[in-house]
Amino acid sequence: MENLSIRKMLSWAAVLLWMALIFSLSHQPASESSEMSSGITEMVMETVEQILPVAETDFDQFEHIIRKNAHFFIYLILGILVIHASRGSGSHSFKRIGLAVGICVLYAMSDEFHQLFISGRSGEVRDVMIDSLGAFAGITFYCLTGKMLRRNKQKVFHRRQFQG
């Protein structure tokens, strides 16, 4: 029992650490945030140009795509962490999913609100939508993967019963 509560605490600690990372990224002034995303965009563009040397890409458009994808994937991970941490809470799975989605959406909203107070940044409803879709995708991925693993485990168990 004690081992279970330690794992649960560590799971929630991972959620809080990930939220702290999101907060710290959102707390960067626009100039720092733009510099970081430009550096990432340059690395990705160099890789794309090596793979597809004939491809022409518009840097600004590509950077915009990378920034929005970063929102999606950061919240996809948050969704996975939150639904995992809520495991074993004893509530029905639909309630857990609703709780996890709610936590992620509220955090996305608070994150965009927080950015209103950061130099050069703004809060965007579109970003809340992208964040929320990312979180929902992460939660869905986690639930479907868990379901597939449980089915596979049951199949192995039934095969062993018939063989033994």
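Trainee: How do the residues lining the largest pocket divide by class?

Mentor: They split into 8 nonpolar, 9 polar and 8 charged. Nonpolar covers Ala, Val, Leu, Ile, Met, Phe, Trp, Tyr, Cys and Pro, charged covers Asp, Glu, Lys and Arg, and the others, Gly among them, are polar. Mind you, this is a predicted model: local features need pLDDT of at least 70, side-chain atom pairs need 80 or more, and totals for chains, interfaces and linings use all residues. Numbering starts at 1 along each chain as its sequence is written, and side-chain values use heavy atoms, leaving out hydrogens and water.

Trainee: Which residues lie nearest the centre of that pocket?

Mentor: A pocket is an open set of 1 Å grid points where a 1.4 Å probe fits, with protein on both sides within 12 Å along at least five of seven lines; lining residues have an atom within 4 Å of a point. Here 25 residues line the largest one, with Ser 33, Arg 67, Ala 70, His 71 and Arg 121 nearest its centre.

Trainee: Which helix gives the most to its lining?

Mentor: Helices are DSSP runs (H or I, at least four residues) numbered from the N terminus. H3 leads with 8 residues, while H1, H2, H3, H4 and H5 each supply at least two.

Trainee: And what lines the second largest pocket?

Mentor: Its 15 lining residues include Tyr 142, Cys 143, Gly 146, Lys 147 and Arg 150, nearest its centre. H5 gives the most, 9 residues, and the classes are 8 nonpolar, 3 polar and 4 charged.
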